[in-house]
Amino acid sequence: MEIYLVRHTETICEKGICYGQSDVNIVEPFDEVFNKIISELPSEAHIFSSPLKRCVILAKHIQENINTISYQEDDRLKEMNFGDWELKNWNEIPPEELNPWMEDFVNIKVSNGESFTELHERVGDFLADEISKIKEPIIIVAHAGIIRSILCHQTSLPLKDAFNNKVDFGEVIRIEL
């Protein structure tokens, strides 16, 4: 089965801001980059999206421009929950909090947030619940963390190496599951 992993386009957050599950907007105008994304997608597909507006805006645009079999937003596709770090500059996070997480982001939870393992488990639940029953192409509009997790599921890449998968804003990655 064909799956197209689509990362949302660039956000309005300045560089260096940790925005995880914060519902931030995307940079406008976006028509040109959206049209480029659509040119890389199948003409008919099921669409799944994170419910965060930076994904929904793109997913709705895709929905309007292809033959959509179904459209669904799913909380399990939200970016990592960075808890107390949300909307802070990475440089402002105290080193005694940041450094242990940087050394083991897979297992260490952010204060009032989650670990990458927890994100990976909810992505696994999503894949098992939603993807396994579909035969037609699927488009998943989500975030870098979610896409990296899906790629780890697909390739059995250890979670500690998830960042070896580079995922740019507006990138489309086609995989077979």
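**Entry 1: Thr 11**

I began with Thr 11 and looked up its contacts: leaving aside residues up to four places away in sequence, Thr 11 touches Tyr 19, Val 24, Asn 25, Ile 26, Val 27, Arg 54 and Phe 169. I note at once that this is a predicted model. Thr 11 sits in the loop between strand E1 (2-7) and E2. Is Thr 11 buried or exposed? Thr 11 counts as buried, because its relative accessibility is 4% and buried means under 20%.

**Entry 2: Glu 44**

From Thr 11 I went on to Glu 44, which is 33 residues apart from Thr 11 along the chain, and I found their C-alpha atoms separated by 27 Å. Glu 44 belongs to strand E3, residues 44-49. With a relative accessible area of 36%, Glu 44 is partly exposed. Again leaving out residues up to four places away in sequence, I listed what Glu 44 touches, namely Ile 66, Asn 67, Ile 69 and Pro 137. I also looked up the pair Glu 44 and Ser 70, which are 26 residues apart along the chain and have C-alpha atoms separated by 9.8 Å.

**Entry 3: the backbone**

Before turning to particular angles, I reminded myself that most residues other than glycine have a negative phi, and that most peptide bonds are trans. Which peptide bond did I find to be cis? The bond from Glu 28 to Pro 29 is cis, with omega near -5°, and Pro 29 lies in the loop between E2 and helix H1 (31-39).

I then looked up positive phi values. Leu 87, although not a glycine, has a positive phi of about 65°, and this residue is in the loop between strand E4 (67-73) and strand E5 (88-89). Asn 112, also a residue other than glycine, has a positive phi near 60°; its place is the loop between H3 and H4. Asn 112 is exposed, because its relative accessible area is 62% and exposed means over 50%.

**Entry 4: the largest pocket**

How much space lies in the largest pocket? I read about 620 Å³ for it. The elements that give two or more residues to its lining are strand E2 (17-18), helix H3 (95-103), helix H4 (116-131) and helix H5 (144-155). The largest share of the lining, three residues, is from H5.

The lining has 26 residues in total, and those nearest the centre of the pocket are Arg 7, Tyr 19, Glu 79, Phe 82 and Trp 90. Sorting the lining by class, I found 15 nonpolar, four polar and seven charged residues.

**Entry 5: the whole chain**

Last, I stepped back to the chain, which has five helices and seven strands. Read from the N terminus on, the order of the elements is β-β-α-β-α-β-β-α-α-β-α-β. Along its principal axes, the C-alpha trace spans about 50 × 35 × 25 Å. I compared the radius of gyration of the chain, 16 Å, with the value for a compact globule of 177 residues, which would be near 16 Å, so the two agree.

Of the 177 residues in the chain, buried ones make up 51%. The chain exposes about 8600 Å², and carbon and sulfur atoms supply 47% of that area. Finally, among contacts in the chain with a separation of 6 or more, I noted that 74% are between residues 24 or more positions apart.

Terms used. Residues are numbered from 1 along each chain as its sequence is written. This is a predicted model: local features need pLDDT of at least 70, side-chain atom pairs count only at pLDDT 80 or more; totals for chains, interfaces and linings use all residues. Side-chain values use heavy atoms; hydrogens and water are left out. On a 1 Å grid over the protein atoms alone, a cavity is a set of points where a 1.4 Å probe fits but cannot get out, and a pocket is an open set with protein on both sides within 12 Å along at least five of seven lines; lining residues have an atom within 4 Å of a point. Grid points are joined across faces, edges and corners, and a volume is the space filled by probe spheres set on the points. Helices (H or I, at least four residues) and strands (E, at least two) are DSSP runs, numbered from the N terminus. Ala, Val, Leu, Ile, Met, Phe, Trp, Tyr, Cys and Pro count as nonpolar, Asp, Glu, Lys and Arg as charged, and the others, Gly among them, as polar. The radius of gyration is taken over C-alpha atoms; the globule rule is 2.2 Å times the number of residues to the power 0.38. Buried means under 20% relative accessible area, exposed over 50%, partly exposed in between (1.4 Å probe, protein chains only). Contact means heavy atoms within 4.5 Å. Accessible areas come from the Shrake-Rupley method with a 1.4 Å probe; for residues, only the protein chains shown count as cover.
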